[in-house]
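Work through the exercises below with the structure in view, and try each task before reading its solution.

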Amino acid sequence: MSLAEYRPGLADVPAAESAISDIDGKNARLLYRGFPVEVLARESTFEETAWLLLKGELPRQKELADFDAQLRQRRALHFRMTDMFKALPATGHPMDALQASVAALGMFHSTREVSDPAGNWESCLRILASVPTLVATFHRVRLGLEPLAPRDDLDHAGNLGYMLTGKEPSPAVRKVLDACLILHAEHQMNASTFAARVVGSTLADPYRVISAAVGALAGPLHGGANEEVLDMLEVIGSAANARAWFENAVATKGKIMGFGHRVYKVKDPRATVLQDLAEHVFAETSRPRSYDTALELEKVALPVLGAKGIHPNVDFFSGIVYQSLGIPKDIFTPLFAIARTAGWLAHWLEQVGGNRLFRPEQIYKGYAERKYVSLDERA
Ligand code: SDX
């Protein structure tokens with residue numbers, strides 16, 4: 001294998017053929033099955049967008065109504081799942097609880113045979129419906145509170161907000177949460193989606209696939225960045241400190257969390273929509289200081305990082321929106337996972353629909369064959 005074919009991080013290497021989403025990184029375009037994400041965030045709902053990603057077309061009215069009802073019917077957890085959460089350390093990270101509990105969920109429902117389309121669809125419904133309940137149940141249990149049962153009278157975003165906070169979100173807050181779920185639902189061949197496809201290519205069941213994807217998303221270079229951004233903004237402290245902090249970061253070759261992207265070389269279109277959403281939320285809540293710090297950091301970073309194609313990505317503003325909705329910082333990435341479950345499942349269906357086991361090659365850099373030396377002969 002010649003070195004020229006090796007690309008670190010598989011940069012620019014197609015890993016699959018897919019019809020689910022497409023990104024134009026130079027022109028800040030993201031299409032879900034051909035529809036611009038900013039249009040879906042404005043006009044659609046998470047349920048409708050999830051159907052679009054899974055099925056390839058916008059649903060007709062009855063399809064959407066049935067899909068919505070089927071999700072609502074599958075939100076509740078087996079009581080042993082709650083017992084499991086009570087056995088986990090309350091100080092553990094909610095992404096670890098989610099990764100563990102998705103795999104555990106499969107022990108109650110998994111159809112191991114993934115060649116059955118009806119069984120695969122049932123798994124998609126169950127997993128998509130359950131992940132908000134898994135996240136919210138661990139969150140309530142770690143606070144020493146009884147979990148809240150899902151409310152069938154609320155849609156996906158409304159029920160998520162209710163189970164997390166104990167309060168039914170206002171229509172404006174529900175709409176913002178719903179738009180955030182749409183914006184985070186799918187993003188082509190990102191690391192966690194690639195992980196999902198690799199595990200799915202072994203014909204492992206979808207609960208194991210999604211559990212693996214959650215693990216990949218948790219990393220600070222990927223979905224974990226939204227939490228890191230808030231930590232960074234808290235360290236900066238105020239807009240007045242942004243320039244000095246940035247200059248020091250550049251001097252010490254530090255990473256500016258929430259900036260940069262393997263594909264986008266301009267501002268991530270989702271960051272732009274999230275910024276608009278943030279302004280809407282502040283009308284209902286108060287404008288956090290972290291937002292002004294973020295705006296100033298973006299301003300001082302642009303002349304230096306912008307020239308290198310490093311701009312704000314989806315994670316730069318998402319945490320600020322969630323924080324202003326009163327959502328705890330370590331729940332930001334679980335929210336990302338709740339949304340991206342739609343994209344992961346769509347890629348899983350596509351993978352098993354035309355599967356070949358992922359087994360890439362490597363460039364061997366180790367020893368040539370050599371003779372074993374017994375222990376007493378070794379120096
Ligand atoms: C997500 O792939 C997806 O689609 C992911 C995602 C999705 O929806 O699934 O969009 C969600 O994960 C968004 C990204 C969130 N992560 C962060 O915000 C963490 C900070 N960003 C960087 O770590 C970085 O930009 C990556 C990991 C996102 C992308 O890195 P690449 O493509 O591997 O590029 P690189 O790390 O090789 O950097 C190239 C150059 C380097 O400089 P040189 O060594 O060549 O001089 O750009 C510099 C890097 O130092 N650089 C940065 C930077 N990002 C890249 N310098 C400072 N701050 C940054 N954030």
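**Exercise 1. Find which polar backbone and side-chain atoms lie 2.8 Å from an oxygen atom of the ligand.**

Solution. Begin with the backbone, where a polar atom of Gly-258 lies 2.8 Å from an oxygen atom of the ligand. Then turn to the side chains, where a polar atom of Arg-340 is 2.8 Å from an oxygen atom of the ligand. Taken alone, the ligand exposes 1,100 Å², of which the protein buries 71% (accessible areas come from the Shrake-Rupley method with a 1.4 Å probe). This is a predicted model, in which local features need pLDDT of at least 70 and side-chain atom pairs count only at pLDDT 80 or more, while totals for chains, interfaces and linings use all residues. Residues are numbered from 1 along each chain as its sequence is written, and side-chain values use heavy atoms, with hydrogens and water left out.

**Exercise 2. Determine which strands form the edges of the open sheet.**

Solution. First read the order of the 3 strands, which is S1-S2-S3 with antiparallel pairing (strands are DSSP runs of E, at least two residues, numbered from the N terminus, and two strands pair if DSSP finds at least two bridges between them). The edge strands are then S1 (21–24) and S3 (35–36), since each pairs on one side only. Finally, look at S1 and S2 (residues 29–32), which are joined by 4 bridges, and find Ile-23 opposite Leu-30 in S2.

**Exercise 3. Decide whether Cys-124 is buried or exposed.**

Solution. Buried means under 20% relative accessible area and exposed over 50%, with partly exposed in between (1.4 Å probe, protein chains only). Cys-124 has 1% relative accessibility, so Cys-124 counts as buried.

Definitions and conventions:
A polar contact is a pair of N or O atoms within 3.5 Å; within protein, one must be able to donate a hydrogen and the other to accept it, and residues adjacent in sequence count only if both atoms are side-chain atoms.
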